[in-house]
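User: Hey, I'm new to this one. Can you walk me through it?

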Amino acid sequence: AKFPFSFKLPKPFSLHAILEAMKIDKKAKSEEPRFVLIDRIGHAAPFEGEYCRTVPASTLEAAIQEEL
């Protein structure tokens, strides 16, 4: 998805470094990154009854790679 502002990351970051950091994020479970969708400030939107969801690795890698 394209946004009206830049998400470009500084060049010192690599796909591998970002994925490794995401494994230790507080939302990660068994080193698998999980994400929360916020629908307004201070409120997480449930999706199929859950607030944290995983994203397929290929989708996550492609999204990060696009911003590097």
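User: Is the crossing of H1 and H2 left-handed or right-handed?
Analyst: The crossing of H1 and H2 is right-handed. Keep in mind that this is a predicted model.

User: Okay, and at what angle do the axes of H1 and H2 cross?
Analyst: Roughly 130°, and the axes come within 10 Å of each other. Here H1 covers residues 15–23 and H2 covers residues 57–67. H1 and H2 are therefore oblique to each other.

User: Which residues in H1 and H2 meet?
Analyst: From H1 you have Leu15, Ile18, Leu19 and Met22, and they meet Leu60, Glu61, Ile64 and Gln65 in H2. By class, that contact has six nonpolar residues, one polar and one charged.

User: Which residues of H1 are buried?
Analyst: Ile18, Leu19 and Met22 are the buried residues of H1. They sit on the same side of H1, because they cover an arc of only 95° around the axis.

User: Why would residues a few places apart point the same way?
Analyst: An α-helix has 3.6 residues a turn, so residues three or four places apart point the same way.

User: Got it. What do the buried residues of H1 pack against?
Analyst: They pack against H2 and also against strand S1, which is residues 34–35.

User: Let's zoom out. How many helices and strands are in the protein chain?
Analyst: Two helices and four strands. Starting at the N terminus, the elements run α-β-β-β-β-α.

User: And how much of the protein chain is buried?
Analyst: Buried residues make up 15% of the 68 residues. As for contacts with a separation of 6 or more, 44% of them are between residues 24 or more positions apart.

User: New topic: where is Cys52 found?
Analyst: Cys52 is in the loop between strand S3 (43–44) and strand S4 (53–54).

User: What is Cys52 in contact with, leaving aside its neighbours within four places in sequence?
Analyst: Cys52 is in contact with Lys27, Arg34, Phe35 and Val36.

User: What separates the C-alpha atoms of Cys52 and Ala28?
Analyst: 9.0 Å, and Cys52 and Ala28 are 24 residues apart along the chain.

Methods:
Residues are numbered from 1 along each chain as its sequence is written. This is a predicted model: local features need pLDDT of at least 70, side-chain atom pairs count only at pLDDT 80 or more; totals for chains, interfaces and linings use all residues. Side-chain values use heavy atoms; hydrogens and water are left out. Axes are lines fitted to C-alpha atoms, for helices over the stretch in contact, and angles run from 0 to 180 degrees between N-to-C directions. Angles under 35 degrees count as roughly parallel, over 145 as roughly antiparallel, 65 to 115 as roughly perpendicular and the rest as oblique. A crossing is left-handed if the near helix is turned anticlockwise from the far one by less than a right angle, and right-handed if clockwise. Contact means heavy atoms within 4.5 Å. Ala, Val, Leu, Ile, Met, Phe, Trp, Tyr, Cys and Pro count as nonpolar, Asp, Glu, Lys and Arg as charged, and the others, Gly among them, as polar. Buried means under 20% relative accessible area, exposed over 50%, partly exposed in between (1.4 Å probe, protein chains only). The arc is that of the directions from the helix axis to the C-beta atoms.
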